[in-house]
There are 4 protein chains.
Amino acid sequence: MAINAAVLGVTGYTGQALIRLLHNHPVFNIVKLISTSQHGPYHQMVPEFFDVSLPLVQLYDVDQFDGIDIVFLAVPHTKAMAIVSPLMTRYPALKIVDLSADFRLTAPKVYESTYGVSHSASILLAEAVYGVPEQHFSAISNARLCANPGCYATAMILGLLPLVGRVDANAPIVIDAKSGVSGAGKQPKPASMFCEVHDQLSAYATGEHRHSAELVQETGFQNALFSPHLVPMDRGIESAIYIHNPDIGDSVTQWYQDHYRAHPFVTVMDTNTQVSTSLVTGTNHCVIICKPMGDWVVVFSLIDNLMKGASSQAVQNANIMCGLDQTTGLNFK
Amino acid sequence: MAINAAVLGVTGYTGQALIRLLHNHPVFNIVKLISTSQHGPYHQMVPEFFDVSLPLVQLYDVDQFDGIDIVFLAVPHTKAMAIVSPLMTRYPALKIVDLSADFRLTAPKVYESTYGVSHSASILLAEAVYGVPEQHFSAISNARLCANPGCYATAMILGLLPLVGRVDANAPIVIDAKSGVSGAGKQPKPASMFCEVHDQLSAYATGEHRHSAELVQETGFQNALFSPHLVPMDRGIESAIYIHNPDIGDSVTQWYQDHYRAHPFVTVMDTNTQVSTSLVTGTNHCVIICKPMGDWVVVFSLIDNLMKGASSQAVQNANIMCGLDQTTGLNFK
Amino acid sequence: MAINAAVLGVTGYTGQALIRLLHNHPVFNIVKLISTSQHGPYHQMVPEFFDVSLPLVQLYDVDQFDGIDIVFLAVPHTKAMAIVSPLMTRYPALKIVDLSADFRLTAPKVYESTYGVSHSASILLAEAVYGVPEQHFSAISNARLCANPGCYATAMILGLLPLVGRVDANAPIVIDAKSGVSGAGKQPKPASMFCEVHDQLSAYATGEHRHSAELVQETGFQNALFSPHLVPMDRGIESAIYIHNPDIGDSVTQWYQDHYRAHPFVTVMDTNTQVSTSLVTGTNHCVIICKPMGDWVVVFSLIDNLMKGASSQAVQNANIMCGLDQTTGLNFK
Amino acid sequence: MAINAAVLGVTGYTGQALIRLLHNHPVFNIVKLISTSQHGPYHQMVPEFFDVSLPLVQLYDVDQFDGIDIVFLAVPHTKAMAIVSPLMTRYPALKIVDLSADFRLTAPKVYESTYGVSHSASILLAEAVYGVPEQHFSAISNARLCANPGCYATAMILGLLPLVGRVDANAPIVIDAKSGVSGAGKQPKPASMFCEVHDQLSAYATGEHRHSAELVQETGFQNALFSPHLVPMDRGIESAIYIHNPDIGDSVTQWYQDHYRAHPFVTVMDTNTQVSTSLVTGTNHCVIICKPMGDWVVVFSLIDNLMKGASSQAVQNANIMCGLDQTTGLNFK
């Protein structure tokens with residue numbers, strides 16, 4: 001059995017990671033690589049792929065998806081919405097995993113206030129399923145269009161899901177998150193230059209980061225302050241979540257373990273585990289470590305921003321949409 | 001005018017930084033370098049000093065401090081207490097700046113529960129002055145023994161001092177701090193190896209770090225959760241301080257600026273300033289940036305852990321103890 | 001078909017990489033993990049393996065190899081020679097890949113002058129096969145004991161093999177090599193500390209590095225000066241090989257491509273390829289780029305020191321010793 | 001005594017380093033900061049200067065140099081030549097240190113073939129003095145226009161000067177150099193992005209780098225192959241120079257020490273010194289370590305690319321041009 005996959009948006013960091021995963025995947029078969037800006041041999045765009053046999057990169061055209069079962073969109077936000085709508089109209093059986101932000105927020109107004117642009121395919125927002133498999137497995141398995149979550153959002157949501165209903169939706173929650181630089185994308189800009197990042201730590205978008213909207217939508221926590229940081233490392237996210245008096249105390253690890261028992265890609269480790277992003281680098285895993293400290297509970301949620309925070313979660317969603325075991329092709333070490 | 005200075009403990013990162021500062025200082029004159037473990041030319045221990053003329057390093061002996069006006073102790077905790085007591089007895093006019101933790105905590109019991117050893121010179125704890133000049137200027141100017149604060153403690157205390165008396169002492173406060181690796185010292189250990197630190201972020205000692213005791217002693221905040229992290233960078237500390245509903249709101253920057261107006265080494269910058277440890281690298285400065293966000297106030301406090309967090313703050317304290325302008329020798333860029 | 005494998009020496013960086021490779025390998029089955037110093041669950045020694053099911057680590061005993069087809073030794077040099085001899089005596093059918101230096105040099109005197117210790121199993125040196133598959137494929141396929149090459153040696157030998165016989169054995173050759181820090185191993189030592197490595201480049205063992213002996217033995221080049229450097233990166237080796245007037249000139253790329261045409265893990269790329277260790281990170285590939293520049297030929301040879309320079313080359317050798325296709329389990333991206 | 005200095009080109013890495021040095025300099029007084037593209041408070045362009053009192057940045061105009069004694073040009077090549085000519089015509093007493101490449105090469109044809117543009121002020125090339133003070137001290141002291149050398153060129157030339165006349169001008173010499181990323185400048189480009197540099201080493205411009213022309217001009221060595229590399233560090237250059245059979249052998253260190261005895265900023269260290277760029281980081285020093293190895297001599301030449309390779313060497317040249325002791329303002333540690 002083979003499922004024909006296309007990747008649209010191939011040179012960004014998530015596109016590269018996706019192609020790596022699909023190339024090693026036992027069922028998905030990369031039959032098309034598509035770009036909105038360039039064409040030619042992929043290894044000329046990303047030299048590390050010199051030894052991988054891949055289709056030539058083609059320029060995007062809506063006519064080229066015959067025979068494709070599933071397409072992964074790894075293009076910037078606003079570009080995705082212009083592509084998804086004609087694809088869905090033209091190819092009713094096509095499944096789409098969109099790694100951009102365009103279909104993550106169900107309310108058009110929230111999208112528009114968050115991203116500062118109007119949504120040209122807002123009618124599809126109701127159909128799109130938010131792709132955290134640990135939360136929406138069943139809906140994903142029936143979805144035509146899956147909106148792959150943001151990297152920070154994935155870490156935060158998985159770190160808070162077990163507390164939904166258990167902690168008041170208005171409780172003050174602090175989320176101090178730290179990310180590697182690949183999260184900023186491949187486009188050259190001053191803030192991503194080696195000399196502007198190396199040997200320093202910075203905070204940005206405190207309380208104003210776009211991924212907050214996904215957090216509120218998916219968990220209902222209205223009063224969580226999200227404070228992201230940039231760390232001089234390639235990849236990895238740590239979300240440190242601080243909750244005061246959550247009425248769960250010493251049993252918090254047990255509670256989280258019970259919640260995630262059936263989920264192969266979330267592991268709640270012992271409270272004394274050394275917290276490090278290295279636990280999950282290069283994997284589809286989210287590792288959670290809970291620390292009750294007096295009146296406080298601290299929940300550390302760790303992911304690889306390019307994997308569970310983007311490309312491998314996209315494959316996990318695609319597995320579910322296509323009826324495969326969700327771990328297919330993701331059990332590498 | 002010259003003031004004769006000795007440094008005891010010369011090869012650690014704080015000892016090195018101290019010698020650099022004193023070598024460039026217009027008044028302090030390094031007349032002795034002393035070690036508890038080795039002797040010989042300093043540049044054989046720290047090759048970067050090949051072009052600096054310095055006294056030979058001598059092995060420690062209590063007899064060698066005649067003619068010394070001030071001594072800087074940069075030895076590990078528990079070693080300092082054994083040295084300070086005989087020095088103070090023998091040389092009544094000698095001034096001492098101790099960079100270890102041994103005289104920071106005024107209550108012997110707190111020292112013993114924090115560091116897990118009994119204090120052999122506890123009678124001196126009452127006499128020692130805690131060396132945050134922005135808080136204890138007058139006492140430092142009269143002190144014989146100054147306990148130079150911990151690096152994290154400096155960042156946290158300076159970030160919270162303006163709120164003492166204004167925010168309830170029992171208010172829940174989150175302090176998520178991030179430090180460069182030099183804070184872990186020069187002793188080889190697995191957790192400081194390049195391959196164990198590089199390209200990853202880790203959390204440690206959540207809610208249990210020893211510097212919490214200094215914070216409680218100096219600010220009175222009983223319910224501040226201190227959560228330190230290790231970042232793959234050489235130096236720098238960012239303390240992100242989160243306070244909910246502090247009843248100070250949009251005026252927080254003004255409030256902080258008023259508080260620190262007279263203090264040359266704390267700068268409260270505009271709320272839109274890009275928060276980065278690079279603002280203070282290599283300087284004695286603490287930069288504070290306050291962000292009111294709805295119900296929250298976030299205070300970012302930035303220092304260089306080896307400078308304002310250790311060696312340059314020691315020089316600032318020494319300046320004050322010796323009646324010099326506190327900025328002497330510290331206005332480099 | 002399954003082949004039972006044991007790994008002896010499990011916590012070092014090469015041991016970890018080996019276990020990762022064998023865990024993903026379709027034929028080799030890890031049936032024993034063995035250590036000379038500790039026992040217990042592997043994920044307690046290397047937390048990143050929390051989600052991998054592996055046998056408990058046992059303490060080494062010569063009795064425990066019944067039913068094992070192949071053993072990988074990832075212990076320090078001098079430790080390996082004490083283990084290999086009794087193993088080979090007791091288990092005549094057992095195949096051994098030794099990742100240490102103990103069986104790489106066929107002349108006992110060369111071993112002893114290079115490593116400064118006498119060889120306690122020198123009788124086996126004649127039997128051991130030097131494990132560069134691109135050179136000794138046939139001998140490896142019949143070997144009981146394969147000496148896996150040094151990391152630098154692998155990069156240098158593959159970069160020079162096509163010139164053996166073509167360039168005079170006494171020609172002066174400069175090899176300026178640069179390696180990531182993982183090559184120094186996992187043992188804590190001052191020179192591998194983050195703050196002693198980060199943000200700086202150092203040279204060491206110029207003209208005196210132990211891997212020179214392997215180079216001379218395998219290529220016959222008597223006058224190659226090997227000058228290694230330490231780079232602030234986790235992994236990767238670049239060997240820049242400089243040859244003056246080699247009488248091969250502009251056809252050098254073609255010559256190398258012809259030489260390696262049949263070898264799946266050496267790729268000679270176009271002369272204009274951007275030379276970077278990132279081309280081979282995480283793979284068993286050696287990438288070679290040749291640049292003829294006037295009277296000079298420069299050959300860049302790139303490997304991942306933990307992969308083709310150690311663990312994945314060990315698996316390649318094991319594949320050959322066991323009659324598998326040499327690429328088995330090594331074609332990941 | 002004060003000497004009025006202007007800096008033209010203020011936001012690049014060399015401009016920043018220059019302003020730092022001049023701000024701390026006891027004689028030079030920064031009276032103007034000038035840019036060709038922006039104006040306003042300097043700390044809004046480079047936030048690290050928040051606590052330094054500096055003149056407002058003005059837009060460049062040829063009329064604004066009355067009262068200026070010396071100007072430092074830190075603008076890109078080709079921009080400098082358009083500025084220098086009118087300045088020299090209009091202000092005959094003005095001294096100029098140009099940090100660009102525009103006046104380094106005395107032959108217009110060499111400039112044009114090296115930089116691929118015609119030289120619009122070629123008449124000044126004969127007047128410009130190449131600013132390696134260890135070679136051209138006397139000419140620099142009389143110069144109106146000093147061409148500050150390239151960073152790589154400085155390291156190579158200082159490493160080879162003692163061999164001029166002693167080693168044949170046609171001898172084959174390999175120079176394998178490694179530089180930190182700041183050498184690539186502050187302009188955002190793909191090759192300087194954190195994720196494209198971090199954790200990897202690359203070679204570039206092998207045998208074709210522009211600084212080769214300076215090397216040939218200043219040393220006469222016609223057959224030196226210059227092979228630069230990019231290292232994931234902020235600053236620092238190591239030039240490893242390999243010479244076969246140089247007929248100098250074991251006395252090479254003594255020879256170099258004799259050559260540089262009178263030069264305060266070049267230190268030839270003992271042959272066993274650990275070679276590391278950290279020896280010179282943040283200083284105006286060039287450290288040289290010579291290693292005779294059998295038939296070979298290896299010379300390691302170490303500088304900080306932004307300091308002795310650019311800004312502090314510019315100050316050293318300015319000191320000499322203005323009749324100051326050449327070490328003025330450069331003896332910090």
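## Domain contact and cavity in a predicted model

The centres of domain 1 and domain 2 of chain A, taken over C-alpha atoms, lie 25 Å apart. The model is predicted. In the domain assignment of chain A, domain 1 covers 3-148 + 310-321. Domain 2 runs over 152-303.

**The domain interface**

The contact draws 19 residues from domain 1 of chain A and 20 residues from domain 2 of chain A. Together the two domains of chain A bury about 1700 Å². Carbon and sulfur atoms hold 51% of that area. Three residues stand out on the domain 1 side: A:Tyr13, A:Tyr130 and A:Glu134. They supply 34% of the area that domain 1 of chain A buries against domain 2 of chain A, more than any other three residues.

| Interaction between the domains of chain A | Count |
|---|---|
| Salt bridge | 1 salt bridge |
| Polar contact, both residues at pLDDT 80 or more | 12 residue pairs |

Separately, a salt bridge joins the side chains of A:Glu214 and A:Arg104, at 3.0 Å from N to O.

**The cavity**

Rolling a probe the size of a water molecule over the atoms shows where empty space is left. The structure holds 1 cavity of 30 Å³ or more. By class, the lining of the largest cavity splits into 8 nonpolar, 4 polar and 1 charged residues.

Methods: Residues numbered from 1 in each chain as written. Chains lettered and ligands numbered in written order. Predicted model: local features only at pLDDT ≥ 70, side-chain atom pairs only at ≥ 80, totals over all residues. Heavy atoms only, no water. 1 Å grid on protein atoms, 1.4 Å probe; cavity = no way out; pocket = protein on both sides within 12 Å on 5 of 7 lines; lining within 4 Å. Points joined across faces, edges and corners; volume = space filled by probe spheres on them. Nonpolar A, V, L, I, M, F, W, Y, C, P; charged D, E, K, R; others polar. Domains from an automatic or database assignment. Contact = heavy atoms within 4.5 Å. Buried area = accessible area lost by both parts, 1.4 Å probe. Salt bridge = Lys/Arg side-chain N within 4 Å of Asp/Glu carboxyl O. Polar contact = N/O pair within 3.5 Å; in protein donor to acceptor, adjacent residues only side chain to side chain.
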